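User: I would like to go through the labels on this structure one by one. Please give me the value behind each label.

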Amino acid sequence: EELRWTGLLKLNAGVFSVLAVAVRARNDALRTQLLPAMPGGHAAKNKKKCPSCRAICQIEPETHSETIALSSVAKAVFPKAYQQRILEVQAEKASWDTILPIFFYNDTLFPFSPLALNLFEPRYKVMLHRIVESSRRFAYLPKFDTYQANVGDMGVIAEITDIEFLADGRAHLQAKCRDRFTIKEAWIEDGTQGLHWCKVDLVNDGVSASESERQALEEAVSDCEQLFASVMARSSHLAREIESQYGSRPADSERFSFWLSSILPVPYGDKHCLLTCLNTTERLTLCRDLMRTSLGM
């Protein structure tokens, strides 16, 4: 008998809990016009605030399913609005791959370059905990003056390949640089001690369409290969070190241009020109001129 009454009390408590959730959900839905039914009713990836109470929301929607109680109420009370919002959320999710946290650093990297970091700043600790269980990607943005992101800035997307969290909160990570991007929009997330975010457009080199363009590309590749071989012939140790850190020479012309750009010991201004150049032939031509200058040719 005692067990029966205990079970009834628990059942009633559960019913009241569901009803309370339903009432809150209905009120929230009326106020927010059915924002996505994410955990706790929190929404808007780039805002990081609850649409109802405005509290800072430290969750990532990619790694959480919708709240079952809230979605059930929304389906029952506002079926048409719920379905419309689902379609809007699906379109929004498609753009999430282009929304990334920013890591600022005073060095220029290129696609396919390796990256090793020891992160200790509070904002970057937040960044790692956000991305390590989801996309594992962040925006690497070279900056040498102020650590501010501006529309049009170019960087590379870095993807974490290995990470170790230390007892004091620091993190050692290994990453690989992937695509280039330009920033479309940038903002700072509240409550993260300055974690910057950005919405990006991916950038690729233009394709050599005409026969003359393809011939110019082949000549630039050949010139760079010969110059690089002459440099490596002077030091077998350097050749082994380069292959160990950057891998062997890529066969693809665009990848070869980035591989060579990563290796060349040139000033920041030249590195930045190599990164922002949108033509493989022009990038290889610049690499060729830089190598000739370093060789005194």
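User: Why is glutamine 193 called exposed?

Analyst: The model is predicted, and the label rests on a computed area. Glutamine 193 has a relative accessible area of 66%. Exposed means over 50%, so glutamine 193 qualifies.

User: What makes phenylalanine 112 partly exposed?

Analyst: Its relative accessible area is 30%. Buried needs under 20% and exposed needs over 50%. The value for phenylalanine 112 falls in between, so the label is partly exposed. Phenylalanine 112 also has a positive phi, near 75°. Its place is the loop between strand S1 (99-105) and S2.

User: How do you know that S5 pairs with S2?

Analyst: Pairing takes at least two bridges. S2 (residues 114-119) and S5 (residues 171-188) are joined by 6 bridges, so they pair. The two strands run antiparallel. Within this pair, leucine 119 is opposite alanine 171 of S5.

User: What joins S5 to S4 and to S6?

Analyst: Between S4 (residues 154-165) and S5 there are 10 bridges, and the strands run antiparallel. Glycine 155 has phenylalanine 181 in S5 as its bridge partner. The hairpin of S4 and S5 has 5 residues between the strands. Glycine 169 of that hairpin takes a positive phi near 95°. S5 and S6 (residues 196-203) share 8 bridges, again in an antiparallel run. There, alanine 186 stands opposite cysteine 198 in S6.

User: Why is cysteine 198 called buried?

Analyst: Its relative accessible area is 0%.

User: What makes arginine 288 buried?

Analyst: Its relative accessibility is 17%. That is under the 20% limit, so arginine 288 counts as buried. Arginine 288 belongs to helix H9 (residues 280-294). Leaving aside residues up to four places away in sequence, arginine 288 touches Asp223, Cys224 and Leu227.

User: How is the packing of H7 against H9 described?

Analyst: Two packed helices are described by the angle and the distance between their axes. The axes of helix H7 (residues 253-263) and H9 come within 9 Å. They cross at roughly 35°. The crossing of H7 past H9 is left-handed.

User: Which residues make that contact, and how do they divide by class?

Analyst: H7 contributes Ser253, Glu254, Phe256, Ser257, Phe258, Leu260 and Ser261. H9 contributes Thr280, Arg283, Leu284, Cys287 and Met291. By class, the contact of H7 with H9 holds 6 nonpolar, 4 polar and 2 charged residues. Cys287 is thus a contact residue of H9, and cysteine 287 is also buried, at 0% relative accessibility.

Note on methods: Residues numbered from 1 in each chain as written. Predicted model: local features only at pLDDT ≥ 70, side-chain atom pairs only at ≥ 80, totals over all residues. Heavy atoms only, no water. Helix = DSSP H or I, 4+ residues; strand = E, 2+ residues; numbered from the N terminus. Buried < 20%, exposed > 50% of the residue type's maximum accessible area, 1.4 Å probe, protein only. Contact = heavy atoms within 4.5 Å. Axes fitted to C-alpha atoms, helices over the stretch in contact; angles between N-to-C directions. Left-handed = near helix turned anticlockwise from the far one by under 90°. Nonpolar A, V, L, I, M, F, W, Y, C, P; charged D, E, K, R; others polar.
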